[in-house]
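User: Hi! Could you walk me through this one?
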Amino acid sequence: MKNNIKTILLLIIFTVLLIVTGYFAQQIHHGIVIFIFVFLLGIGLLTKMHSIEVMYLCKSCGREFKISLLQDLLSLHNVNKKYLKCPHCHQRNWHKEV
Ligand SMILES: [Zn+2]
């Protein structure tokens, strides 16, 4: 729950930052480049923080594991589960965040 509040707060900050950057980017020559840079940097940082802080619980063997930034970006997911391969038992499944 504490992590969810932190995530929502970071998403709000990121959204405000994008709105402010978008406003100023309109007035600068090639401002769209700055806007895209801020957008990609924000997505990268949020995903990196998520991959560092969140662990997943394997449905098959019950062990916990972390995933890389690339796995976090590319794997299928819903609200609190991701479709991943467990590094311990190598089973692909919808693993829950813990
Ligand atoms: Zn497993």
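Analyst: Happy to! One term before we start: helices here are DSSP runs of H or I with at least four residues, strands are E runs of at least two, and both are numbered from the N terminus. Also keep in mind that this is a predicted model.

User: Got it. In what order do the elements of the chain run from the N terminus on?

Analyst: The order is α-α-β-β-α-β-β. In total the chain has three helices and four strands.

User: And is the chain compact or spread out?

Analyst: Spread out, I'd say: its radius of gyration is 17 Å, while the globule rule gives 13 Å for 98 residues, so the chain is more spread out than a compact globule. Along the principal axes, the C-alpha atoms fill a box of roughly 55 × 25 × 20 Å.

User: Switching topic: how is the chain divided into domains?

Analyst: Domain 1 covers 1–53 and domain 2 covers 55–98. Their C-alpha centres lie 25 Å apart.

User: How many residues does each domain bring to the contact?

Analyst: Domain 1 gives four residues and domain 2 gives five.

User: What kinds of residues are on the domain 1 side?

Analyst: Where domain 1 touches domain 2, its residues are three polar and one charged, with no nonpolar ones.

User: Last one: among contacts between residues at least 6 apart in sequence, what share join residues at least 24 apart?

Analyst: That comes to 40% for this chain.

Notes. Residues are numbered from 1 along each chain as its sequence is written. This is a predicted model: local features need pLDDT of at least 70, side-chain atom pairs count only at pLDDT 80 or more; totals for chains, interfaces and linings use all residues. The radius of gyration is taken over C-alpha atoms; the globule rule is 2.2 Å times the number of residues to the power 0.38. Two residues are in contact if their C-beta atoms, placed from the backbone, lie within 7 Å. Domain bounds come from an automatic or database domain assignment. Ala, Val, Leu, Ile, Met, Phe, Trp, Tyr, Cys and Pro count as nonpolar, Asp, Glu, Lys and Arg as charged, and the others, Gly among them, as polar.
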